[in-house]
Amino acid sequence: MPTWDLSSAFPSLESPEFETAVVGVKKKISEFSDLLDRASDPNKVAKLEELINAFNQLQRDIRTIGSFIGGYVSTNSRDELAQAKDSEFDIALIPFAKLANRFTALLGTVDLGKFLATSSIARDHKYALEVAQVSARHLMTPAEEALAADLAPTALGGWSKLHGTLTSQIEVEFELKGEDKTLPMSVVRSLAYDPDPDVRKIAYEAELLAWQANEVPIAASMNGIKGTVQTLNQRRGWDSVLDEALFGANIDRQTLDAMMAAAREAYPDFRRYMQAKAKLLGKKRLPFYDLFAPVGGSEKSWNYEEGAKFVSEQFHSFSPRLGDFADRSYREQWIDAGPRGGKRDGAFCMWLIADESRVFMNYKNSFGSVKTLAHELGHAYHNLCLADRTMMQRRTPMTLAETASIFCETVVQNAALKEATDDEKLLILEGALEGECQVVVDISSRFLFESSVFEERSKREISPSEFKALMLKAQTETYGDGLDADLMHPYMWAVKPHYYSGRSFYNFPYMYGMLFGLGLYAQYQQDAETFKAKYDDLLSSTGLADAATLGANFGFNVREVGFWRSSFDLIREQIKDFEGIVERRVGA
């Protein structure tokens, strides 16, 4: 499968161009510091405009270099040169983190009304400036923020790096079909999609043993990260870690409560789906290792070549611009597709330079991976639409960052359903519901788990056995009788890298994004041409307003449970179709 080409940014980590860029960033950090030192009058318009322009350019350069290094580290954690460059750049950015806090503090003292009235640059960055003024109220003293920045690479960053490096290098030893196997964890986890039930079960059991063997350092990472986050948030005056996460996601507690209430109402529907799948597999209850078991059939193998071609065709059916964009991503080698030793698990999209992104995934021969490809390319298309925005204008919260990705995967999924035979429809519906179940039910379990972790971590460190107990409790509350209570996954806290990013509650925004994307798709079905005319503008504007305002532009009231219920109704129809096919196959 293809590996990505990062050379449009720099030829290599050892190239003169890369070294020049790093030196240039260090110089710009020093120059930005001088600008801040000279900004004695916080309401001097010309000086503020100069600071905004300099900050945007510096952020852009930092993101490109960081993504370039990350492109090597994420695909090969054994690359010692990349690890060294990553560490060196983290240290080089410590002064910038301090300056960013100083800049935010300065913006907090600005008479925003006056600045907006006299500066077009200010008006272009109105929402970013409003956010900065709130953020300024949640800063510690300059000395404390400077200390936090100094400690970040060894506190949050160090624990995060330990988890990423350790988990990417875990080798799982087990016997499979009479042969002794030693496989990377990412490959073992991909066996959850294997058509052979014995393979899925053996891989699951071996995976749990491997996590158990590594649970102590992983638990230390979780304790270190959550303890650090909690301490910093308290010192910055947030009422809770969740309140800070909601602010970062551009939503309020009322919106979250409405969405989670609708999700809880939908748990029984998802449990019916899991029970129907268990019946299809000849089981009373679904074990965790069968959550991703393939069902249905297709003449297509859904290998990478087939999947990439199908995604391109469906993107073209929506708009030439989206289709041409997918073709360009293949042609210019933006995608690192397959699992291999040293490569991290999961999938993501990162902006690299100009209008270019890079897509990371661990492709498996399944329709689920086709949807993942469409999803991540949706993120890349979103970045294309943001290309002309400044870095302050393109700050898109996770709640809105999923807007294009969910929409694009829905386009691909519904196109596949239209072409499907009954057997293929079962396969595609299963892929859709499998993903939606993860985004609603599993994400809910992660939200409950993380809430419990913060509650317990405020008292003391949490042991590996306690992490497991909290995880199983969260899974029981959400999956319920949809899963076999004796065969859940007590180590999902070790699996998911989101817990170790330093960004708290890296979960509920995915649900928001999926449901918001489904709402957009419903509008597309009602009036395709009007929707297409507004779609790119919406993606270009996701950093210019909060989620409620952008939702209102499309006629959504995200603070009401009714909006979220209507999105779940689309999923309920899929569940009914899935149950109908199962009943025709195996009986009621």
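User: In this predicted model, which residue in S5 stands opposite Ile 335?

Analyst: The model is predicted, with local features needing pLDDT of at least 70, side-chain atom pairs counting only at pLDDT 80 or more, and totals for chains, interfaces and linings using all residues. Residues are numbered from 1 along each chain as its sequence is written, and side-chain values use heavy atoms, leaving out hydrogens and water. S3 and strand S5 (residues 356-360) run parallel and are joined by 2 bridges; strands are DSSP runs (E, at least two residues), numbered from the N terminus, and two of them pair if DSSP finds at least two bridges between them. The residue in S5 opposite Ile 335 is Val 359.

User: Which strands stand at the edges of the sheet?

Analyst: The open sheet has 3 strands with mixed pairing, in the order S3-S5-S4. Each edge strand has a single partner strand, so one side of each is left without a neighbour in the sheet; these are S3 and strand S4 (348-353).

User: Is Ser 168 buried or exposed?

Analyst: Ser 168 belongs to helix H9 (residues 156-168), helices being DSSP runs of H or I with at least four residues. Buried means under 20% relative accessible area, exposed over 50%, and partly exposed in between (1.4 Å probe, protein chains only). With a relative accessible area of 7%, Ser 168 is therefore buried.

User: How far apart are the end C-alpha atoms of helix H15?

Analyst: The expected span of a helix is 1.5 Å times one less than its number of residues. For the 15 residues of H15 (residues 304-318) this gives 21 Å, in agreement with the separation of the end C-alpha atoms, 21 Å.
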